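Grab a pencil and have a look at the model below. Try each exercise yourself before you read its solution.

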Amino acid sequence: VQNPDGHWSKTYTDEFYYDIESLDEITPPEETSSTGETSDTFDNFTIRYQTDNITDDYENKYQGDRSLKFTFDDDNPTAKIKLEGILLKDEGNISFQIKSSTREPIDIKYVGLVGNTEIFEKNSSYVPELENTWVMLPLTVNTSSVDDLELTFSSKNTTIWIDQIEIKNYK
């Protein structure tokens, strides 16, 4: 059973039995990615992709199964994700790993929300020193509690990857 915070009360297990004489080759499911309004759960929050130029990338990742791939061109200069079900308060730290295919500047807007009410907005710019190299980008905010966080990335004719999104609170 899953509670309203997205945590499970019991671990789900299932057992499978196969007859070896009739067992055909088991093929793993294909790893596919989709665009648009999709969601995926990382740790204790949900990520919603709010633009069509974001996909899951199972090849280029910092750690884990995949990263988020943002493709920027003349038709799509921005990409936006929304982290839902977070708890960010007091002196909070937002960090993630980022990698870029070029040295084009990347503008990042952080918007903290409670429901649809904006609690804070912070802007930063990142200029990659090296192409195709993972770098951790941290941001510290002093804020009252927020439930959701919107991250909007803007750049020109480049591809970026985001992985290992973390939110920590300090007093």
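Predicted model: local features only at pLDDT ≥ 70, side-chain atom pairs only at ≥ 80, totals over all residues.

**Exercise 1.** Work out which strands sit at the edges of the open sheet of 5 strands.

*Solution.* Start with the strand order, which is 3-4-11-6-9, with antiparallel pairing. Next, look for strands that pair on one side only: these are strand 3 (54-57) and strand 9 (135-146), the edge strands. Now zoom in on strand 3: 4 bridges join it to strand 4 (residues 67-72), and the two run antiparallel. In that pairing, I54 stands opposite F70.

**Exercise 2.** Find what the salt bridge between R48 and E84 ties together.

*Solution.* First check the distance: the closest N and O atoms of R48 and E84 are 2.9 Å apart, and the cut-off is 4 Å. Then place the residues: R48 is in strand 2 (residues 45-49) and E84 is in strand 5 (residues 78-84), so the pair ties together parts 36 residues apart in sequence.

**Exercise 3.** Decide whether R66, D56, E150 and K80 are buried or partly exposed.

*Solution.* Use the rule that buried means under 20% relative accessible area. R66 has 10%, so it's buried. D56 has 14%, so it's buried too. These two form a salt bridge, with their closest N and O atoms 3.5 Å apart. Moving on, E150 comes out at 15%, so it counts as buried, while K80, at 26%, is partly exposed. E150 and K80 also form a salt bridge, at 3.6 Å between the closest N and O atoms. That pair links distant parts of the chain, strand 10 (residues 148-154) and strand 5, 70 residues apart.

How values were computed: Residues numbered from 1 in each chain as written. Heavy atoms only, no water. Pairing = 2+ DSSP bridges. Salt bridge = Lys/Arg side-chain N within 4 Å of Asp/Glu carboxyl O. Buried < 20%, exposed > 50% of the residue type's maximum accessible area, 1.4 Å probe, protein only.
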